[in-house]
Structures are given as structure tokens and as C-alpha cells.
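Please examine the sequence and the model shown below before reading on.

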Amino acid sequence: MDFEIPEEIRLLQDTIRRFVREVLHPVEAEIEEADQIPPHIVEELRKLGLFGLAIPQEYGGLGVSLLAQCVVFEELAKASLCFRSRVGTNNGIGSLGILFDGTEEQKRTYLPKLASGEWTGAFALTEPNAGSDAAAIETTAMPQGDAFLLNGRKQWITNADVAQVFTVMALTDREKRARGGITAFLVPRDTPGLTITKPHKTMGFRGSHVCDLIFEDAAVPVANVLGKVGDGFKVAMKVLDRGRLTMGAVCVGAAQRLLELSLAYAKRRVQFGKPIAERQAVQFMLADIATEIYACRGMLHETARRVDRGERLTKEVAMVKLHCSEMVGRAADRAVQIHGGMGYMRDCPVERYYRDVRLIRIYEGTSEIQRLIIARELLKGS
Ligand code: COS
């Protein structure tokens with residue numbers, strides 16, 4: 001494994017690290033209260049090019065490697081996770097379908113706007129009766145003239161409140177489902193017949209919202225089919241294969257911040273006459289957080305490098321998502337324990353992380369789905 005980060009990525013890392021410390025940390029508490037990222041901060045994220053990190057330069061993005069994306073997301077996750085979430089769909093599930101399977105015209109229409117952050121993209125797969133079992137979707141798309149009429153409901157769609165374009169998976173052949181019966185569509189927000197609900201109330205991720213999409217005879221032109229009719233399940237799975245990897249970076253960054261906060265608190269907090277950092281019980285928790293971060297960063301960077309070299313890695317990406325999301329859950333639990341009563345207080349960042357990271361074991365595929373994917377891949381190859 002090669003843990004050296006190339007110089008140009010190191011420079012990007014330094015820039016984001018400074019931005020996080022100087023610009024994002026000061027507004028974390030305000031966002032927690034208001035449940036909104038201030039518009040001037042979104043503007044700053046735009047100026048840094050963060051909406052278009054993963055989008056190739058020919059479409060207006062920075063087009064950096066996956067390793068560089070992981071390094072940047074690791075840094076961003078050292079501030080409230082809503083910031084990464086705000087730019088995350090444009091770099092991941094909200095744009096990758098277009099990048100992988102879009103026509104040249106679709107790429108030219110959508111990617112530059114997504115890259116600049118003028119538009120936000122979102123990904124609509126989940127439904128009330130289709131979460132882990134993604135092939136069980138019930139939203140239909142019936143051909144009518146040179147359009148498809150969409151009917152159904154998509155649930156808990158990240159960034160739906162601010163998105164201008166959705167990648168929507170719908171049934172075009174009920175019998176075939178995942179094998180030729182699901183189609184991906186690019187659906188603009190202003191499509192007549194599409195209603196976006198108010199954001200759901202959630203446990204965490206204040207400042208980042210999920211809403212439902214309701215389709216009632218929403219006509220989407222044939223030209224907005226993404227990939228081939230019937231290939232939508234594969235479009236979605238390829239997108240998730242990539243999106244899940246950068247989720248590992250979010251976990252590593254969040255765990256690193258939890259470690260930094262815990263180290264500082266343990267050195268500061270005096271009980272029984274000396275800082276709790278001098279107590280072995282606390283030292284062991286710090287050591288465990290740090291060791292697990294080291295292991296996760298290793299697997300994350302190695303997998304990113306391999307994908308950058310052109311390998312298709314479904315199993316390893318699922319391993320990264322599984323292991324990193326479970327790791328950050330343990331890190332948050334230990335960080336709260338080290339902080340004691342303070343860690344339970346709403347104005348303590350570890351309390352926020354404890355709630356926020358719980359989602360990562362669920363979205364973009366639960367831990368159980370990751371295990372299922374890993375086991376299937378293992379059995380396929382044996
Ligand atoms: N890349 C490309 N194609 C894939 C794929 C992948 N990673 N995974 C599956 N496919 C293809 C399969 O090859 C199969 O097609 P063929 O028969 O032509 O080979 C088709 O898709 C159906 O695959 P499979 O039989 O594995 O489908 P299942 O219904 O068993 O479901 C899982 C597969 C569980 C992996 C899928 O439902 C899933 O990822 N669920 C979680 C969804 C999720 O993450 N939701 C989070 C919300 S979206 S942010």
C-alpha cells in the first residue's frame with residue numbers, strides 16, 4: 001500500500017483544512033440552531049469548486065482523482081456533516097449517472113451547472129416500500145408519445161429541497177424489474193406533475209434535508225432517459241458503487257475530528273487531581289479511536305487508488321462503506337464517553353456527531369446490505 005499523498009492533493013488538502021477551521025467551524029452552532037446553511041457559506045463552497053470536484057474539467061469541474069476527492073471529503077467532514085452533504089450529491093449520486101451513462105448532450109446540459117453549483121443534483125431511488133430492496137420500486141413510467149408519464153412516490157431524497165434535477169428510477173416493465181424493467185430518468189424540478197414535500201424531521205444532519213417527491217402524471221421527455229430503457233437498475237448500482245466509497249472518507253474525517261476533540265478535552269478535563277488523559281481507561285479509548293482511523297484510512301485510500309487505476313471494485317467499496325461507517329459509530333460512542341456529561345450537551349460537537357454519524361450505517365446501503373454485497377461477490381468468485 002502506498003500511503004504517500006501526491007503533492008498537488010496535499011495542497012488541496014491544506015486549502016480545505018484551513019477553510020474548515022476558519023470558515024466552517026465558526027458557523028456550526030448557528031446551523032444547528034437554524035437548520036440551514038447560510039447562503040454566503042454555500043457561495044464559498046462554490047468558489048472553492050467543491051460542487052464540481054468529481055466532474056471532469058471539460059464539463060466545468062475540477063475533475064480531480066477519486067483519491068483527491070476522498071482527501072477533500074475527509075477534511076470537510078471535520079466540520080458539520082451538512083457541508084459535505086450539500087456538495088456531496090453533485091459529486092456523487094446526483095451527477096454520476098449522467099457522467100457514466102448520459103449522452104453527450106445530457107452531459108453538456110447538466111454537468112457544467114452541477115459543477116459550478118448553480119444547480120444541485122439529487123438521486124431518487126428509495127420509496128416507501130423499496131429501501132434495501134431497491135428492485136421493489138413501484139413508481140411507474142409509461143410511454144406516451146415522445147415522453148414517459150411518471151407516477152409514484154420517492155422518499156427521503158437528500159437535497160431535494162434545493163435540487164434542480166433528479167435522477168429518478170422508475171418501472172418501465174413490471175415483470176422484468178431489476179433485469180431490464182427499471183429505467184433511469186433525468187427529471188427537472190419544474191416538471192409539471194412533480195411535487196416536492198416539505199423536509200422530514202430527522203435525528204441529525206441539521207442543515208441538510210430530505211424530502212419526498214410525488215409524481216402525478218409527470219411527463220418526462222424520451223430525451224431525458226439516462227442510459228438505455230430498462231438499464232436503470234444497473235445505472236443506479238454503478239452510481240452507488242462509487243458513492244459508497246466517498247462515504248468512507250466522510251467517516252474517516254468525522255472520526256478524526258472526534259479524536260481531536262477528545263484529545264483536547266481529555267488533556268483539559270481534570271478529575272481526581274489530574275487530567276483524565278493521564279488515566280489508562282481514557283488513554284485506551286483514544287488509542288482505539290486512532291487505531292481504527294488508521295486502518296480505515298488505509299483501506300479507503302488503497303481502494304480509491306485502485307478505482308483511479310480503472311478497476312471496478314464492488315466488493316472492496318462495500319467493505320470500505322461497511323467498515324468505515326461502523327468505525328465512526330464506535331468513535332462517536334467513545335468520544336461521548338470521554339467527554340462524559342459534556343458529551344451529552346447539545347452545544348458540544350461530539351453530541352452532534354453522535355447523532356449525525358448514525359445515518360451513515362443506514363443510507364447509501366445499510367451495513368447489512370454491504371455484507372450481503374460482499375458475501376455475494378465472495379461466493380461468485382469461489
Ligand atoms: N453494478 C452493475 N450492475 C449490478 C450491480 C453493480 N454493482 N449490482 C447488481 N447489478 C446488476 C446485476 O448484475 C443484475 O443484472 P444481470 O442479471 O443482468 O447480471 C441486476 O443488477 C440485479 O442484480 P441483483 O440480482 O444483485 O439484485 P437484487 O435485487 O438482489 O439487489 C442489492 C441487489 C441488494 C445490491 C440492491 O438492491 C441494493 O444495492 N440495495 C440497497 C439500495 C441502497 O443502497 N439504497 C440506498 C438509498 S439510495 S442513496
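At what angle do helix α8 and helix α10 pack, and how far apart are their axes? In this predicted model, α8 (residues 232-268) and α10 (residues 314-339) pack at about 20°, and their axes lie 8 Å apart. Angles under 35 degrees count as roughly parallel, so α8 is roughly parallel to α10.

**Contact of α8 with α10**
- The crossing in which α8 passes α10 is left-handed.
- Sorted by class, the residues in the contact of α8 with α10 comprise 19 nonpolar, five polar and three charged.

**Pairing of α1 with α4**
- Helix α1 (residues 7-24) and helix α4 (residues 66-76) have axes that come within 9 Å and cross at roughly 20°.
- The helices α1 and α4 are therefore also described as roughly parallel to each other.
- α1 and α4 form a right-handed crossing.

**Second largest pocket**
- The second largest pocket holds about 290 Å³ of space.
- Its lining consists of 13 residues, of which Glu28, Ala29, Glu32, Arg346 and Asp347 are the closest to the centre of the pocket.
- Two or more lining residues come from each of the elements α2 (28-34) and α11 (349-356).
- The lining of the second largest pocket has nine charged and four nonpolar residues, with no polar ones.
- Because domain 1 (7-116) and domain 3 (234-380) both contribute residues to the lining, the second largest pocket lies between these domains.

Terms used:
Residues are numbered from 1 along each chain as its sequence is written. This is a predicted model: local features need pLDDT of at least 70, side-chain atom pairs count only at pLDDT 80 or more; totals for chains, interfaces and linings use all residues. Side-chain values use heavy atoms; hydrogens and water are left out. On a 1 Å grid over the protein atoms alone, a cavity is a set of points where a 1.4 Å probe fits but cannot get out, and a pocket is an open set with protein on both sides within 12 Å along at least five of seven lines; lining residues have an atom within 4 Å of a point. Grid points are joined across faces, edges and corners, and a volume is the space filled by probe spheres set on the points. Helices (H or I, at least four residues) and strands (E, at least two) are DSSP runs, numbered from the N terminus. Ala, Val, Leu, Ile, Met, Phe, Trp, Tyr, Cys and Pro count as nonpolar, Asp, Glu, Lys and Arg as charged, and the others, Gly among them, as polar. Domain bounds come from an automatic or database domain assignment. Axes are lines fitted to C-alpha atoms, for helices over the stretch in contact, and angles run from 0 to 180 degrees between N-to-C directions. Angles under 35 degrees count as roughly parallel, over 145 as roughly antiparallel, 65 to 115 as roughly perpendicular and the rest as oblique. A crossing is left-handed if the near helix is turned anticlockwise from the far one by less than a right angle, and right-handed if clockwise.
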